[in-house]
Amino acid sequence: MTDKPIAPSAEPKITCAVCRHEVPLSAAFTPEGAEYVEHFCGLECYQAFVAEAKRREAAGKA
Ligand SMILES: [Zn+2]
């Protein structure tokens, strides 16, 4: 069942978890071994995501 036809030349793309930009998977920043299973367009968005996650965590504990 494949309802997403992918052209042979088309790279798989991911959506940045922070800014929602689509970037090729090969260009995406994906932290390995991290507790967050997300993709990011770059380190900046990853850091923003982590900062936000920590903030939420801190808020949840308070
Ligand atoms: Zn981004």
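Tutor: Let us begin with contacts; two residues are in contact if their C-beta atoms, placed from the backbone, lie within 7 Å. Leaving aside neighbours within four places in sequence, V23 is in contact with K13, I14, C16, A28 and C41. Please note that this is a predicted model, in which local features need pLDDT of at least 70 and side-chain atom pairs count only at pLDDT 80 or more, while totals for chains, interfaces and linings use all residues. Residues are numbered from 1 along each chain as its sequence is written.

Student: Where in the protein is V23 found?

Tutor: Helices (H or I, at least four residues) and strands (E, at least two) are DSSP runs, numbered from the N terminus. V23 lies in strand 2, which covers residues 22-24. The protein has one helix and two strands, and their pattern along the sequence is β-β-α.

Student: How far is V23 from K13 in space?

Tutor: Their C-alpha atoms are 5.5 Å apart, although ten residues separate V23 and K13 in sequence.

Student: Why does V23 count as partly exposed?

Tutor: A residue is buried if 20 or more other C-beta atoms lie within 10 Å of its own, exposed if 12 or fewer, and partly exposed in between; the C-beta atoms are placed from the backbone. V23 counts as partly exposed because it has 19 C-beta neighbours inside 10 Å. Of the 62 residues of the protein, 11% count as buried.

Student: Which residues make up the largest nonpolar core?

Tutor: In soluble globular proteins, nonpolar side chains tend to be buried together. A nonpolar core is a set of buried Ala, Val, Leu, Ile, Met, Phe, Trp, Tyr and Cys residues joined through C-beta atoms within 7 Å. Here the largest one has seven residues: I14, C16, A28, F40, C41, C45 and Y46. Beyond four places in sequence, C41 touches C16, C19, H21, V23, A28 and F29.

Student: Where is R20 placed, and is R20 buried or exposed?

Tutor: R20 sits in the loop between strand 1 (13-15) and strand 2. R20 is exposed because 9 other C-beta atoms lie within 10 Å. Its phi is positive, about 65 degrees, although R20 is not a glycine.

Student: What can be said of E52 in the helix?

Tutor: E52 belongs to helix 1, residues 43-61. E52 counts as exposed, with 12 C-beta neighbours inside 10 Å. The C-alpha atoms of E52 and V18 are separated by 9.8 Å, and the two residues are 34 residues apart along the chain.
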